[in-house]
Each structure stands twice: as C-alpha cells, then as structure tokens.
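Let's take a walk through a protein model together.

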Amino acid sequence: MQQVFRRPESLKDVQTHFCPGCHHGTIHRIVAETLDEFDLARKTIGVASIGCSVFLYSYFDLDVVESPHGRAPAVATGVKRARPDRFVFTYQGDGDLAAIGTAEIIHAANRGEDITVIFVNNTTYGMTGGQMAPTTLPGQRTSTSPYGRRSEKEGFPVRVAELLSGLDGVAFSARAAVNSPRNIMDAKKQMKKAFRYQIEGKGFSFVEFLSACPTNWGMGAIEANERVGREMCEYFRLGTFKNTANL
Amino acid sequence: MPTIEIDELRCKGCGLCTIACPKKLITLSEQINNHGYTPALFQETEIKCTGCALCAEMCPDVAIKVFK
Amino acid sequence: MAKRLLVRGNEAICMGAIEAGCRYYFGYPITPQNDIPEFMSREMPGLNGEFIQAESEIASINMVLGAAATGARAMTSSSSPGISLKMETISYMAGMEIPCLIVNISRSGPGLGGIDASQGDYFQAVKGGGHGGYHIIVLAPSSIQEMYDLTMLAFDLAEIYRMPAMILGDAVVGQMKEPLIPHPRPHRELPAKDWALRGTEEGGQRVVKSLFLGDGELEAHNWKLFAKYRDLAAKEARWEDYETADATLIATGFGSAARIAKTAVAMAREEGMKVGLLRPITLFPFPAKAFASATEHCKTVLDIELNTGQMVEDVRLSVARDAEVHFYGRPSGTGSLPTPEELLEQIRRYYRN
C-alpha cells in the first residue's frame, strides 16, 4: 500500500494558528504543493503581508520577508528586481491588498512585474476581529458594519481579479475557491498556471482565492464553507479573466 | 485495502472532511483532543474507503494521510 | 593631478552611490531632489542596475526594503513630505535590521511648506521619525565633496551596523555646484550578509521580519538594537573642528547652516576674535564627546540652525555643565537664509574675550 496523499515538503510539519475551518490552511497547502511540483521551494523568496497571513514563514520552509501593511507587491518588486533568478510570490488578504495596498497592487501589476500574487478574499479583516473589508458583500454584517454593508454609503465589493485583468501589464488573472473538492482541483490548476507564467518569464500573474472565515462570520466551519459557494461565488465569479499566453 | 489516517492532534474538528467523504465514513468524535477540539473519526462499515482522498483535499490542516 | 569635476550636490550623491556599488534606485519626484532620480534613471540601465519611478514614496521605500533584504545595496531619495511618507517602512527596516540608504534633500515645513533650504527635519531624522523607538544613522554633508564621500560611508556603516542610513541635506548642498574630486570607494571590512534572503538551496530558511510575539523576544530585540546605537556612539561619531583650539566662542551647526557659519567664523577671526566652529558630521550618532571636551575650556557655544531649535537640544545635553549655549535660528522660507554678516552679528553679541 502506498501513501497517495501526503503533506507537501515545502509546508512545515507544524500546527497552524488558523481557526477550525479557515481556508488559509487549504490555500497554503495548494501553494506548497505547486511549489513542490515545480521544484521551486529552494529558489523561492516569499513575501508575507499583514493579517492572519503574516506567519507565512512559520508554515512554509522558504526564505521570507515581511512587508508593511499593503506593500507586499512593492517589496516583491524590489526582491525580484534584485534577484530575477528567484521565484517570488506575495500572499495577501483582502484588507491588505484591496484596501490599504490598492496603489501597490495596481502599479506592480501595471508594470508587469514578473511575480505571482496570491490573494485571499474572505470578505473581512480576519486578524483584527472581523471588520468590514473592501470585499464585504452588500448587506453583510461585520463588526464595523453592524447593520449590514450599505452600498449607498460604503460602496461595493471590489472584484480584484476582474479589475486587474483590465491592465495591460497583467498576464494572468483568475479566481478560484476551495470550498469543494472540485473547486480545489480547479484552484490547483489556476495556481499552476500562475506559477508557470513566472517560471517562463511571461509576466505578472494573479490568483484570487475565495476563502471562509468561520470565526468572524459567526458561523460553524461547514456553514461558512457553504456560504462561499452560496453567496461569494455569486458575487465573485470563478474563472479566468486573463490568460495572455493561453497556458 | 485503501484507507486513511487522521492525525487527531492536528485535527481541529472543523468537519469539512465529513461532508467531503462520498461514503460518509468520517464523523466527529465525542472525545476532545488535547487542543480542545473534537477530532474527526474514520470508521469503515460494510462500506469501504476507496482512497479517493477528497477528505484530505478538503482538510485545511493537512491532518489526513491517504493510503491506497 | 586628480580629476576635478564641477557637479551639483545631488549628482555627487548619485556618483558616490554608484561608486559604492548601489545598483538599485527606487524613487518618486519631489523638489528639490529631482536631480537624483533623473541621474539614476540615466545611469542604472548601463550599469545593469534597476531604476523604478514608483507610484508613491511609500512604494519606493518598500522596493528598497525588498531589494535590500536580498543583500543588495539599494537606495531611495526624497524631500521632507516624502520622507514622512516613508517613515513607517523605515521603522520596519530598523526593526528588520536591513541596511539601505535614504537621502533627504529636505525642504521647509511644516506641511507643504516651501522648497527652500531648511533644517526642520533634524528631529525626524535623528530621533527616529517613525513609530516604535529606533534610530538610523544620519550623516549631514556640508560640501559637494562630502555629498560624495558620506554617501559611500553611509552604505558601509549601514551594512556594518545592519540598519538604514540617511543623508540629510537641503537645497543648498543639493543644488549648488562645487568642485568634486572623485575617488575609488575606500576599503572597509564589511560583515558577511548571513541574513540576506536567497532561497533555501544555499542553506536553511532565512526570515527577515520585525514581528516578535514570543515571550521576551521583542524586549531582547530592542536591547540588541540599543546596543548597536551605543556602539555607533562609541565608534562612529564624526565632526569637523575649525579653529576651536584657542576659541572662547564655538559656533556650531550642521550641513548648509554650518557652511554659512564657517564664513562668519572666518570673518570674526579677521576681526581678531577667537572664534571656532564645531560641526557635527554624524547627527546620529551625535558627537557628544566632542562638545564635552571642547567646552572644558570654551564656555560659550552659539548654535545656528535653519529651524527654531532642534540640534540645540543635543548640544545642550552634550556640553560641560558650566557652558552657555545660545541659539540663533532662521526657520526657513523664501528669503530666510541667513547671511554671513547676520551670523557675525550674533557672534559679536555673545563673544567675550
């Protein structure tokens, strides 16, 4: 009998701090599996952001640099320009990337930096206690939108994957989810394509992952997982929005 | 015979594997582990594990090994 | 005879940086430092380096963070409001112990202020302008030659002490032209960069971070940083003594103010007054011992700055107890730069034979 499913090598054999049912763990594993598949881990420099994702270096056996809140794409730009022979990715949440870091993601993407950005969208600020995020859905209650997000006052959820696909500097932009085995398989394919863009020097690649945050949504893990499919996938359409090299 | 092994110290009892298993062979234990979670429990009946690994794919904590 | 070039101060910084091996420049336009990104945008491509005009001051300092985290010599430049924007990341880099160069060709403030020469950023530069209690190395050139020399020194000190370094200038030293004698980068023993990120194929995992959550970790980290500041003070304080040996009044000031003060001191000497100039070259570490020993015999100090009194606080903390410290400042705006005659008048006011 052979082991057919095992922990990827680039993921450390440690317990994470993530809450039960949090999709960060699944997304970490997909990233690690893809790094292993392309044998990239040993030539990778990861760029961590601020939020629940900051402990990247505790879970991945990679060289990692921390970034100030929202600035990971600028930090990754500096890393990649200085070490173009390294594989460079950022891993950022929605508060980090789509609010405070809006300028950095737009311009790194628009310059066509040869990096991969992994964006985890869970419609809330996880680490600080579930405040309203730029991706919070209309009507969604959070700790700073206690009556539900009112679009007339608080605007609309930002669809980052679509937004970036409109920039000429972007080579690949896609959105995936990890709420079902089928979506996980698709997510892995998107992750692979994004990494191939960088490996082949074909430009800026971006994958948005829809993610559950059971604790801050006030839901059980299974209910939160279902919400991803029921509500998030409705607003944030899964798919590929740009694939310039048809990978 | 295909089978799985759940690391009950790593399991946080989220239950996502229980909905992933097409054969419904995984439930949550009533015992709590040393982190205070009720870990997943794999129990075959007359229905057997096929080693499809969907439980492991869904597990956010990489707590399931699959053998085939 | 050595080659002499007539260059602008901002260009001298670029030439010094290139001679020091800096190949990564990230910046954003702001007056009066635009000669720096313009020069670097011309030179970097031919040197196999990288130049990026970033989307903001914030992005540019974070690009420096990324490049410098791999061990590369990287720099940014800006002027006061832009430096304020960079402060968060400068604090991160101080915490992460990342060496780099930040150039502040400062302008007058507060707020949008003006573009005139000013020294209003002394506190921000030397007291740790960002959050969390840290310092960076701060060097204050007062000639075009020093803009070149101190830029090279800044890169070396940054690497030796693993911390950001700043050149603090203004429009006077940034934009005027003076002869410069270029020379090869002086040899200094530099520590191995055993912290720089490079991918684990060259060894175990390396992490460059400023988050320390374990019991006692952050306190230990702060004491480690503090020990470097103490080391810097003991080993790296630099200053210029001009006619101080027999002086009964010592003028002091840094950068462009010290240039004007030096002329005033020379004029006072011509009038027979025993006056000297003690000019801090390193603002952090502050040359406190130089002030302590100079004021053992000279009891009158006149501090001159282009602000309402900032460095004077460090001077007062450094002099002998019975020394008097006077201050003359011109917080700058259009038409506020003091003349040598104006400073000579101040020297006469406090001079006692």
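Predicted model: local features only at pLDDT ≥ 70, side-chain atom pairs only at ≥ 80, totals over all residues.

Start where chain C meets chain A: 35 residues from chain C and 29 residues from chain A take part in the contact. The largest share, nine residues, belongs to α3(C). What kinds of residues make up this side of chain C? They split into 19 nonpolar, nine polar and seven charged.

Now zoom in on a spot where strands from the two chains join up. Strand β3 of chain A, residues 63–66, pairs with β9(C) in the parallel sense, over two bridges. To find one of the partners, look for A:V64, whose bridge partner in β9(C) is C:V207.

Next, stay inside chain C and find two helices, α9 (residues 255–270) and α12 (residues 340–350). Their axes are 8 Å apart, and the helices pack at an angle of about 60 degrees. Because of that angle, α9(C) counts as oblique to α12(C). The crossing of α9(C) past α12(C) is right-handed.

Which residues do the touching? From α9(C) come C:I260, C:A261, C:T263, C:A264, C:M267 and C:A268, while α12(C) brings C:P340, C:L343, C:L344 and C:I347. Sort the residues of this contact by type and you get nine nonpolar, one polar and no charged.

Definitions and conventions. Residues numbered from 1 in each chain as written. Chains lettered and ligands numbered in written order. Contact = placed C-beta atoms within 7 Å. Helix = DSSP H or I, 4+ residues; strand = E, 2+ residues; numbered from the N terminus. Nonpolar A, V, L, I, M, F, W, Y, C, P; charged D, E, K, R; others polar. Pairing = 2+ DSSP bridges. Axes fitted to C-alpha atoms, helices over the stretch in contact; angles between N-to-C directions. Parallel < 35°, antiparallel > 145°, perpendicular 65-115°, else oblique. Left-handed = near helix turned anticlockwise from the far one by under 90°.
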